[in-house]
Amino acid sequence: MTDPLIIDDNDRGVFKVARRSFTSQEIFEQERDRIFQNCWLYLGHESELRNANEFVTRTVAGQNLIFVRGKDGEVRAFFNVCPHRGATVCREKKGKAKSFQCMYHGWVFKNNGEINHLSGEPAYAKDFKENGNCNLRAVPHLDSYAGFYFVSFKEDIEPLPDYLAGAKEYLDIVADQSSAGMEIVGGTQEYSIRANWKLLVENSVDGYHAESTHATYLDYLMNTNGSLTATKLAGKGYDLGNGHAVIEYSAPWGRPIAQWIPMWGEKGKEELDRVYAELVERLGEDKAKQMATLNRNMIIFPNLVINDIMAITVRTFYPTAPDEMMINAFALGVCDESEWRREYRLSNFLEFIGPGGFATPDDVEALEHCQRGFQAHANVPWNDISKGMKASQPSFDDELQMRAFWREWNRRVATEGEK
């Protein structure tokens, strides 16, 4: 057994992660096999398949999938791989189709996965199509919670509600922001970062870096008349079980759900007051206040991030190498919001969270600098993630949420040492 990858010493209040966890090809391969083949992974949102025959193709943990609502209205997920010779069946990103045709040899499949036309069928044995051998292969498991669809490639995975554990409460907070439901707004933002995927996990729930890394954005808000309230950044971090975690905190910026800022004027205040009143009537005062005025950054293990801040982003990321990841990000909004609210939601999303906004380029640069620094791991071997470890209730800018992720990562990948 080699040296441990995690030092978790609660008595001393010390938590460290070996930097080779971010650089090792061996660990990268263990993660692929022990995590991404054995967890529930986010696939898409119900709003992307509103109508029968709508589909989206998406890469999940390196595997191409078709996410489709069939002619019968049922949502399914298939490996986007022809059972004949392995070619990609559907080459479009999204659309509407009753069937999919493989361009290589012309096999045609219904959108429920069944073979519809087998080119040159008389040349095959009479029983060739029996037992579903020629159908698209469905993923082993597909399930949803609060409108969010997940897949698992593991045959004997625990039920999705059990896997989500305490994260269900926070998914409900997002999903219940309108009685009309939630929807993905616009398309997919796709980009890459030359850094290990676990760095983005940490960054996504890291309240500690905001004032230093994103100082330019905070200065911008302070110098833009009416962009801030007197509210200060303050809140707590929570371990939600199974590697999931969240930070929940107050913040001074406007939230289109129902937190007004002077920049939005009296008309905006009247509208958000009506929204807030509906939340109170439907959910009660405490839940309405939590939903409208508190921000949430949540990680659902291993790689789904939902940040409900000045806008809502849904983000997944998958490693393609120890030092590289691919990111897919989506804006989420309420279905029935006014044109005014949607405009500010998207403005907030692009201004801060989007790949060209204030936050993401800063974060990308920080993570890539970390990855370069890890090349010295043989001489400077440890990252420290101990902040707030001895606190009875860690603050949102402590590191409880990262420790929750790393403990589950360690349980799945490194408990028996690096092999």
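What radius of gyration would a compact globule of 419 residues have, and what does the chain have? A compact globule would come out near 22 Å, and the chain has 23 Å, so the two agree. Here the radius of gyration is taken over C-alpha atoms, and the globule rule is 2.2 Å times the number of residues to the power 0.38.

Before we go on, a word on what you're looking at. This is a predicted model, where local features need pLDDT of at least 70 and side-chain atom pairs count only at pLDDT 80 or more, while totals for chains, interfaces and linings use all residues. Residues are numbered from 1 along each chain as its sequence is written, and side-chain values use heavy atoms, with hydrogens and water left out.

Now the overall layout. Along the principal axes, the C-alpha atoms fill a box of roughly 75 × 60 × 35 Å. The chain has 11 helices and 20 strands; these are DSSP runs numbered from the N terminus, with helices being H or I of at least four residues and strands E of at least two. Buried residues make up 53% of the 419, where buried means under 20% relative accessible area, exposed over 50%, and partly exposed in between (1.4 Å probe, protein chains only). Take the contacts (heavy atoms within 4.5 Å) with a separation of 6 or more: residues 24 or more positions apart account for 63% of them.

One stretch carries a label. The unreviewed UniProt entry places the feature "domain: Rieske" at residues 41–150; such positions use the numbering here, feature names are shortened, and annotations may be inferred rather than shown by experiment. That span is 0% helix and 40% strand, and its end C-alpha atoms lie 5 Å apart.

Asparagine 53 sits in the loop between β3 (41–45) and β4 (54–60), and its phi is near 80 degrees, a positive value in a residue other than glycine. Alanine 146, in the loop between β11 (141–145) and β12 (148–152), also has a positive phi, about 55 degrees. Asparagine 53 counts as buried because its relative accessibility is 10%, whereas alanine 146, at 27%, counts as partly exposed. Further along, a cis peptide bond with omega of about 5 degrees joins phenylalanine 301 and proline 302, and proline 302 lies in the loop between β16 and β17 (304–308). Most residues other than glycine have a negative phi, and most peptide bonds are trans.

Next, look inside. In helix α8 (residues 285–293), Ala288, Gln290, Met291 and Ala292 are buried. Their cover includes α3 (167–175), β15 (244–250), α7 (265–283) and β16 (294–300).

Glutamate 202, in helix α4 (residues 197–204), is buried too, because its relative accessibility is 12%. Leaving aside residues up to four places away in sequence, glutamate 202 touches Phe22, Ile385, Met402 and Trp406.

Finally, find phenylalanine 396 in the loop between β20 (382–384) and α11 (400–414). With a relative accessible area of 8%, phenylalanine 396 is buried. Among the residues it touches, not counting those up to four places away in sequence, are Gly207, Leu233, Ile247 and Tyr249. Phenylalanine 396 and valine 246 are 150 residues apart in sequence, yet 8.6 Å apart in space, C-alpha to C-alpha.
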